[in-house]
Amino acid sequence: NDMENARRQQHDLTHHLTVIFQKCQEKDIDGIEAYLDQIAKGNQLLLHQQFCQNPCVNSLLQYYITRAQENNIHTEVMVDLGKLQMDQNVLTILFGNTLENAILSNLAIPGDRWLRVKAELAGDRLAILEENACDHILPSAKYQSGEEYQRYDAFQSVRSTNHYGLSTVNAVCEKYGGSARFRYDEASHTFTTRLLLSTTPQKK
């Protein structure tokens, strides 16, 4: 079923991201393209689709948008990162965790499935906005009913990792002088992730 396939794909993703991250650290662009080409032969990845100039983010988007489309999730991607220079591990955490959550949320929905990804670079500030179909959430005791946007710990985990992996995303944003906020709109069944941070870690 969909959730079993998601768990299998997540296991595969862990391996793929490890390899891609290593090649990003080595700035081995040819190696990244060759490895993705190898994966694509078995998974029909969208290698022809260029989402942005950053090779790490582009690779992540190719992987996740392919997964989304394979699971009948309508996707919209508007990403303009220019010549972003940023720690590849940070980018993997930010995009990998949030896109994984968005796909798992969609897989729990029998009806319309959709995912929208926006990201842009303004000077030295990176802004990421993701919206996806979401049937329900599990609020924690820290959920503030009067607040539109919530902190990461306002949600209970539906995965083996805490808070949907949002705690890691939040820690990275804070380290980089930014913030991570999340919103669930029950009326439109939409979950929104809003990340804003600097491209370099901030000195304490």
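Contact, on this tour, means heavy atoms within 4.5 Å. The model is predicted, so local features need pLDDT of at least 70 and side-chain atom pairs count only at pLDDT 80 or more, while totals for chains, interfaces and linings use all residues. Residues are numbered from 1 along each chain as its sequence is written, and side-chain values use heavy atoms, with hydrogens and water left out.

**Stop 1: S179**

Select S179, a residue of strand 4. Helices (H or I, at least four residues) and strands (E, at least two) are DSSP runs, numbered from the N terminus. What is S179 in contact with, once its neighbours within four places in sequence are left aside? The partners are C173, R194, L195 and L196. Pick out L195 from that group: its C-alpha atom is 5.9 Å from that of S179, although the two are 16 residues apart along the chain. S179 counts as partly exposed, at 28% relative accessibility. Here buried means under 20% relative accessible area, exposed over 50% and partly exposed in between, with a 1.4 Å probe and protein chains only.

**Stop 2: the whole chain**

Now zoom out and colour by secondary structure. The chain has 204 residues, and 49% of them are buried. Among contacts between residues at least 6 apart in sequence, 61% join residues at least 24 apart.

**Stop 3: helix 4 against helix 5**

Select residues 88-107 for helix 4 and 166-175 for helix 5; the two pack at an angle of about 145 degrees, with their axes 9 Å apart. Axes are lines fitted to C-alpha atoms, for helices over the stretch in contact, and angles run from 0 to 180 degrees between N-to-C directions. Which residues make the contact? On helix 4, show V90, I93, L94, N97, T98 and N101; on helix 5, show L166, T168, V169, V172 and C173. By class, this contact has seven nonpolar, four polar and no charged residues. For that sorting, Ala, Val, Leu, Ile, Met, Phe, Trp, Tyr, Cys and Pro count as nonpolar, Asp, Glu, Lys and Arg as charged, and the others, Gly among them, as polar.

**Stop 4: the nonpolar core**

Stay with L94 and select F95 as well: these are the residues with the most contacts inside the largest nonpolar core, which has 52 residues. Helix 4 gives the most to this core, with 10 residues. A nonpolar core is a set of buried Ala, Val, Leu, Ile, Met, Phe, Trp, Tyr and Cys residues joined through side-chain atoms within 4.5 Å. To see the surroundings of F95, show V57, L60, A119, I128 and E130, its contacts once neighbours within four places in sequence are left aside.

**Stop 5: salt bridges**

How many salt bridges are there? The count comes to seven, where a salt bridge is a side-chain nitrogen of Lys or Arg within 4 Å of a carboxyl oxygen of Asp or Glu.

Begin with D153 and K142, whose closest N and O atoms are 3.4 Å apart. Both residues sit in the loop between strand 3 (125-133) and helix 5, 11 residues apart. D153 is buried, with a relative accessible area of 9%, whereas K142 is exposed at 52%.

Next, select R183 and E148, a salt bridge with its closest N and O atoms 2.6 Å apart. R183 belongs to strand 4 and E148 to the loop between strand 3 and helix 5, 35 residues apart.

Then select E174 and R151, where the closest N and O atoms are 4.0 Å apart. E174 is in helix 5 and R151 in the loop between strand 3 and helix 5, 23 residues apart. E174 is partly exposed, at 46%, and R151 is also partly exposed, at 34%. Keep K142, R151, D153 and E174 on screen together, as salt bridges that share partners join them into one network.

**Stop 6: positive phi in two loops**

Select N72, in the loop between helix 3 (55-70) and strand 1 (74-80). N72 is not a glycine, yet its phi is positive, about 60 degrees. Is N72 buried or exposed? Its relative accessible area is 65%, so N72 is exposed.

Finish at H189, in the loop between strand 4 (179-185) and strand 5 (190-198). H189 has a positive phi of about 50 degrees, although it is not a glycine. With a relative accessible area of 35%, H189 is partly exposed.
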